[in-house]
2 protein chains.
Amino acid sequence: MRELAISLNTEASEPLYEQIYSYIKHDIQKGQLLPGERLPSSRSLSASLEVSRSTVELAYEQLISEGYLESVPWKGYYVCRIEGLYSLDTGCRPVRSRQEKEQVPWKYDLTPNGIDLEHFPYDVWRKLTRNVLLDDRKELFQQGDPRGEWELREAISRYLHQARGVICRPEQVILGAGNDYLLMLLAAILGRKHLVAMESPTYKHAYRVFEQLGFLLTAVPVDSRGMQVDMLAASGADIAYVMPSHQYPLGIVMPIKRRLELLKWASEKQGRYLIEDDYDSEFRYKGKPIPALQGADRDDRVIYIGTFSKSIAPAIRISYLVLPDSLLAQAEEALCRFSSTVSRIDQMVLNHFIRDGYYERHLNRMRRIYGRKHDIFLERLKELSGIIKITGENAGVHLLAEFRNGVSEKEAIARAEEQKIRVYPLSEYRTETAEGQKCKAAVLLGYATLTEQELSEAADLLIRAWGTAKT
Amino acid sequence: MRELAISLNTEASEPLYEQIYSYIKHDIQKGQLLPGERLPSSRSLSASLEVSRSTVELAYEQLISEGYLESVPWKGYYVCRIEGLYSLDTGCRPVRSRQEKEQVPWKYDLTPNGIDLEHFPYDVWRKLTRNVLLDDRKELFQQGDPRGEWELREAISRYLHQARGVICRPEQVILGAGNDYLLMLLAAILGRKHLVAMESPTYKHAYRVFEQLGFLLTAVPVDSRGMQVDMLAASGADIAYVMPSHQYPLGIVMPIKRRLELLKWASEKQGRYLIEDDYDSEFRYKGKPIPALQGADRDDRVIYIGTFSKSIAPAIRISYLVLPDSLLAQAEEALCRFSSTVSRIDQMVLNHFIRDGYYERHLNRMRRIYGRKHDIFLERLKELSGIIKITGENAGVHLLAEFRNGVSEKEAIARAEEQKIRVYPLSEYRTETAEGQKCKAAVLLGYATLTEQELSEAADLLIRAWGTAKT
DNA sequence: GGGTATTTGTCCGTATGTATG
DNA sequence: TCATACATACGGACAAATACC
């Protein structure tokens, strides 16, 4: 029994029962009340509208006689199924189909953003969810710490230390629903009066969010080792957003020397900060694991951002910020104005997921799986070695294919599309302020979502698309 | 087996094994590696560090001889339990206890923000969660619509229409993790260059969030019918944030006439908007249900905000925004820069919770429960009728007790504290810009979290605290 | 799983105001 | 002016069905 919010006018000449009648009739005609739906009982509606029951009954009676309602004794009044109304209903549908626009029938979509969800330990997650819901119950549904559950932040700080060399205490960890939200928090913590330097090309999404948040932005070109620190210094920026462990989209792993230069830049002047986005550091195939920039920071200048969206699932919207001590006080003040955005249930489930060792096992497993996909894909693409140059292959879940035969990015994508393969243009990741720069013809090839079999086939199709000389 | 992110310096004079050794020792001393924890096997660590196994073994050997590690043959290396270290560990604890500050042993806490979680249908929620995790699986863990799941938005729009008279289509509904986040989105949609008028007193939290987001703010006094529209017009504001169905903290229900005045104000000039916060409209004990302001809006001037934090549980961080059509285009543009912040699992569970009728049943049940608590509390407090005047008792889950015997707010709270009852000062809700205004001596009494028995006792204690003449 | 309190549509008696003759 | 009929609105009683404990 739903409550109907009808506003009655006792003084109007129109009788009360008729006002009720026409309101409900209108709703049924507009599809707001669906066939089969139950109406409030005459008692409850009369109580909530503060009218007599017979008034409501009169209205219902009328609707029954007109075929809109039917009454089921001892059960309630229900909306009838009326044929003529269905056309009205379907008239509303097209709005929804906006979601399913541009239906190119891709055979394989090499998106660099997807992840492998085939091998997610669904059963474990369900089991943990069940346990969490059984054990904590009432406490779990109460408001929690705005920075996130202490236990989870502790688990994350320990994990970050051991896997990424991040040096932090749980107090420095702040959880949020996704990177976007954390960047908003950062805007609140740092204030908006900053010039933020971003790598060019960079993670466009973060760029847009910064823009939206009112930051001033500047693009600093990257060379083969990452952001060029001299140009960063020249830009006048006081905050630099970098992805040292696996630059997106280029896949550059920043060597130690450049990292130290960055840290030096940050320390040189009061108020400078580095934002280290460590978005897919979990996956790495070659070379030593380079610990996070944050771990080498001696002057409290690095703000570390990580996420579980890549390593677990995009729908688990839990990201984390590790703040330097120098920002903790400001964060405290800014945060008391916000409540935690992360589902507490998800937090607790994730907490157990990490603590019980499932996260490590999952990571190890995914490393193996992505590693195999990586190897297979790379191996098959070797056939194109004269035509494309693969870079960024040491980590992450995508490759960068640069064309050395003069084929333009646009043509490369068109040729792939002919084979029903979707690849992603590098040019998309250029930032607006760096529009003038030259941009090499290259595409991104994500291999996370496809199976090994599919990757092999996708590679074949790419060879067919790009293997011939320039048309 | 965790991965250790040790950064080795092959060129340094310090031998490799010693670098490994001191890193791990450091970790154990700092409590980052806990007693009993297993270290990576010598094989895996040597592989990931790209050093020889004997180098790792040498480091482990050293640690074993110093008592930090123990080796369990054919199983692994484990961190030893060392007595001296516990003191270090506990030395870190006090930081955490910050959460449990100001430990006044309250007997009853009449917080106006709490809700009754005793009667939440945990089993239903668990069952639905289980079904959702079983049915949707892979799809559920993928990234969803940034505005929220279509099905849930559809269910919400239908509910809002029927229960609150809100006129909207699912496209207008945007889900977000809590009101704070939605207000941030609004800032992105509307831009920050606005003067926002808030009721005085108002919901302080929202005030702070607006402030943080960079809005200019002004306070408009309320009379017994809500925000005074003439003063609003005089303030020069172009956005007004109002709570017509149950003003917080005063509990005023805005009569239709005032609502129409507000709508008229909004329509008078291009670019004006009303933000209607309908935070606890679900609970109402007297008088007709007045439909939401939004339903009476003919000029697309009302932005409606609602939440499930009050009606279901604070931990279910799902709130919703209903945007007028005039803002949809701007929202589309702003939103594409953000991802949804709401756990997709929670969204699906809530969707089923609403669709299967559990939400209505729960609301009906809570209405009954709160209604009984409301009646009992009010009845018992009648003994104080000469001393305090109760207002705001027609809706919501808190009352406002105004002192008519000259007792100051401060003293009233102190006297309640003597009886170990926590009540909340009305003065807390005044906004900064309205500091000069006179503020009546009054306190907020929330009755949601206490049982009927407890409420009766709490009322007794309040009578003891306030029943005597002014000391 | 079973008993009870609550809720349900239905039926009916009543009151008030208005129109009709 | 009075009687009658009708429209509108209110609330109590009944038995079946359901929800809750």
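The contact between the two chains takes 65 residues from chain A and 66 residues from chain B. The model is predicted.

On the side of chain A that touches chain B, the elements that give two or more residues are helices H2 (42-49), H5 (122-135), H6 (137-141), H7 (150-164), H8 (179-190), H9 (204-212) and H14 (344-355) of chain A. By class, this side of chain A has 28 nonpolar, 16 polar and 21 charged residues.

How are the two chains placed relative to each other? In general, two copies of a chain are related by a rotation about an axis and a shift along it. Here chain A is superposed on chain B by a rotation of 180 degrees with 0.1 Å of shift along its axis, and the RMSD is 0.4 Å. The two copies are therefore related as by a two-fold rotation axis. Within chain A, Ser343(A) has the C-alpha nearest the axis, 3.0 Å from it. Both copies use the same surface, since 97% of the contact residues of chain A recur in chain B.

The next topic is the DNA. Residues of both chains surround DNA strand D: from chain A these are Pro15(A), Leu16(A), Tyr17(A), Val51(A), Ser52(A), Arg53(A), Ser54(A), Thr55(A), Trp74(A) and Lys75(A), and from chain B they are Arg361(B) and Arg365(B). Two or more residues of the surface near DNA strand D come from each of helix H1 (16-30) and helix H3 (53-65) of chain A, and helix H15 (358-381) of chain B. Which helix gives the most to this surface? H3(A) does, with three residues.

The table sets the classes of the two surfaces side by side.

The last topic is a sheet in chain B. This open sheet has four strands in the order E12-E13-E16-E15, with antiparallel pairing. Which strands form its edges? Strand E12 (388-391) and strand E15 (424-425) of chain B do, as each pairs on one side only. E15(B) is joined by two bridges to strand E16 (residues 442-446) of chain B, and these two strands run antiparallel. Opposite Tyr424(B) stands Leu444(B), in E16(B). Helix H16 (residues 409-418) of chain B lies across strand E13 (398-403), E15 and E16 of chain B, and runs at about 40 degrees to E16(B).

Definitions and conventions. Residues numbered from 1 in each chain as written. Chains lettered and ligands numbered in written order. Predicted model: local features only at pLDDT ≥ 70, side-chain atom pairs only at ≥ 80, totals over all residues. Near = placed C-beta within 6 Å. Contact = placed C-beta atoms within 7 Å. Nonpolar A, V, L, I, M, F, W, Y, C, P; charged D, E, K, R; others polar. Least-squares fit on C-alpha atoms with pLDDT ≥ 70 in both. Pairing = 2+ DSSP bridges. Axes fitted to C-alpha atoms, helices over the stretch in contact; angles between N-to-C directions.
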